[in-house]
Amino acid sequence: QVQLVESGGGLVQAGGSLRLSCAVSGGTLSGYAMGWFRRVPGTEREFVARISWKGGSTKYADSVKGRFTVSRDNAKNTVYLQMDSLKPEDTAVYYCNAVFVSSSRPQWDSWGQGTQVTVSS
């Protein structure tokens with residue numbers, strides 16, 4: 001069974017940067033588009049970014065476009081999310097998952113524990 005482990009979150013001031021990592025074990029990323037999602041308590045999980053399995057194509061939510069960059073290293077079975085110019089509204093728990101390219105909806109049923117990102121004003 002595929003296991004997802006997100007890391008790299010923390011507390012940062014507005015305007016700062018963080019780099020999140022998502023390590024996949026028990027399976028391979030090869031062949032899967034991968035995505036990042038985030039959730040604020042009491043709300044639904046929302047799409048943030050995705051990257052094609054070869055890394056040649058990316059898509060971002062309008063709210064993070066120009067500030068976040070998604071990348072991947074298939075040899076390391078890891079996906080990254082570089083977050084720059086962070087804003088307080090980026091505060092959330094961040095998760096990764098495989099995604100359907102057509103809809104950017106999550107593909108796998110299992111989720112990791114997520115990593116908390118808190119941006120102070």
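In strand 3, which residue is the bridge partner of Val5?

Reply: It's Ala23 that is the bridge partner of Val5 in strand 3. This is a predicted model, with local features needing pLDDT of at least 70, side-chain atom pairs 80 or more, and totals using all residues. Residues count from 1 along each chain, and side-chain values use heavy atoms, without hydrogens or water.

Strand 1 and strand 3 (residues 18-25) run antiparallel, joined by five bridges (strands are DSSP E runs of at least two residues, numbered from the N terminus; two pair with at least two bridges). They belong to an open sheet of four strands, ordered 1-3-8-7 with antiparallel pairing. Its edge strands, strand 1 (3-7) and strand 7 (68-73), each pair on one side only.

Now the rings: there are four aromatic pairs (Phe, Tyr or Trp six-membered ring centres within 6.5 Å; planes under 30 degrees are stacked, over 60 edge-to-face, the rest tilted). Tyr32 and Trp108 have ring centres 5.0 Å apart and planes at 70 degrees, so they're edge-to-face. Tyr32 is in the loop between strand 3 and strand 4 (33-39) and Trp108 in the loop between strand 9 (92-99) and strand 10 (115-120), so this pair ties together parts 76 residues apart in sequence. Trp108 is buried at 13% relative accessible area, while Tyr32 is partly exposed at 28% (buried is under 20%, exposed over 50%, partly exposed in between, with a 1.4 Å probe and protein chains only). Phe37 and Phe47 are edge-to-face too, because their centres are 6.0 Å apart and their planes at 75 degrees.
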